[in-house]
Amino acid sequence: MNQVNQHISQLREDFMKGELSEIHLKKTPDLQFEQWMSDAIEAKVNEVAACNLATVNSNHKPSSRIVYLREFGNNEFYFYTNYDSRKAAEIADNPFVCLTFFWPELERQIRIEGIVVKKAETEKSDAYFNARPQDSKIGAWSSPQSRVLKNREELQGFIEQNKKKFEDQEIPRPEFWGGYIIKATYYEFWQGRKNRLHDRIRFSLENENWKIERLAP
Ligand SMILES: Cc1cc2nc3c(=O)[nH]c(=O)nc-3n(C[C@H](O)[C@H](O)[C@H](O)COP(=O)(O)O)c2cc1C
C-alpha cells in the first residue's frame, strides 16, 4: 500500500461535539436549516456557504460540483452560475438536484433534495451581480464556463477583450449568467456521534406536511 493510501485508510475521526434530538428539533426544516446555518456562522466554519450541488443528465448520469449558497428561505435555495454551463444543461434536462453541506468544525452534514423550479428573478440576479467586484464581473463575461479552452492564454484574451469593451462604463449582468432557485422537498440533518452512531433526522414532504423520521446511522 502506498503512503497516501496507508494514511487515509488509518484515519479515525470520532465525532463528539454534539447531538441532535427530537426535543430540540425545529418544527420545520427551513427553521432547522436556519438554526444550523446560524450556528455554523457563529462557529466561524470555513466556507460555510459552500455546498455540493448534484445534477443528473438525461442519460441518468450524475455529476456534482461545489457552489455557493447565496440566499435561502421558505424552503428555497439560491445559487448563481453560468446559464450555458454543464450544470445548467443538466438542470434543463432534469430539474431534480441535491445539495450537501459539510461543516467539519461542527461535525454536521445537511442533505437537501429538491427541484430547480425557476431561474432567480432578474432583479435578484442583477442585484447580486452588481454587488460583485469589478474583476468578478469581467470574469463572468469572459468565461464560457464548462467549455474546452485551447489554453490559459485564450481565457486571458477574452478577459482583455472584455476589459477594453467595458472600460469606463458600468458592467451589466450578462444574460447568460444568473441565479437558480431550488425548492427543497427533503432534508436530512446529520450530527456526528461517538462510535459512528450518528444522529440522522429527516424531514420529507408528504401531502404538503413535513414528516419527521429518525434514520439509522
Ligand atoms: C468553494 C467553491 C465555490 C464555488 N462556487 C461556485 C458558484 O457559486 N457558482 C459556480 O458557477 N461555480 C462555483 N464554483 C465552481 C464549480 O465548482 C464548478 O467548477 C463550475 O461551476 C463548473 O461546473 P459545471 O461544469 O459542472 O457546470 C465553486 C467552486 C468552489 C471550490
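**Figure 1. Contacts of Ile 110 in the predicted model**. Apart from neighbours within four places in sequence, Ile 110 is in contact with Phe 33, Trp 36, Phe 101, Tyr 187 and Phe 189. Ile 110 also belongs to the largest nonpolar core, where Ile 110 and Tyr 187 are among the residues that touch the most other members.

**Figure 2. The largest nonpolar core of the protein**. This core comprises 26 residues, of which Phe 77, Leu 99, Ile 110, Ile 182 and Tyr 187 touch the most other members. At least two core residues are supplied by each of α2 (29–42), β1 (50–56), β2, β3, α3, β4 (96–103), β5 (108–119) and β6 (177–191). The greatest contribution comes from β6, with 6 residues.

**Figure 3. The shell around the ligand**. Two or more residues of the shell are given by each of β2 (62–73), β3 (76–82) and α3 (86–93). The strand β2 gives the most, with 5 residues. By residue class, the shell divides into 6 nonpolar, 6 polar and 4 charged residues.

Figure 4. Of the 217 residues in the protein, 21% are buried. Among contacts between residues at least 6 apart in sequence, 63% join residues at least 24 apart.

Definitions and conventions. Residues are numbered from 1 along each chain as its sequence is written. This is a predicted model: local features need pLDDT of at least 70, side-chain atom pairs count only at pLDDT 80 or more; totals for chains, interfaces and linings use all residues. A residue is near a molecule or strand if its C-beta atom, placed from the backbone, lies within 6 Å of it. Helices (H or I, at least four residues) and strands (E, at least two) are DSSP runs, numbered from the N terminus. Ala, Val, Leu, Ile, Met, Phe, Trp, Tyr, Cys and Pro count as nonpolar, Asp, Glu, Lys and Arg as charged, and the others, Gly among them, as polar. A residue is buried if 20 or more other C-beta atoms lie within 10 Å of its own, exposed if 12 or fewer, and partly exposed in between; C-beta atoms are placed from the backbone. Two residues are in contact if their C-beta atoms, placed from the backbone, lie within 7 Å. A nonpolar core is a set of buried Ala, Val, Leu, Ile, Met, Phe, Trp, Tyr and Cys residues joined through C-beta atoms within 7 Å.
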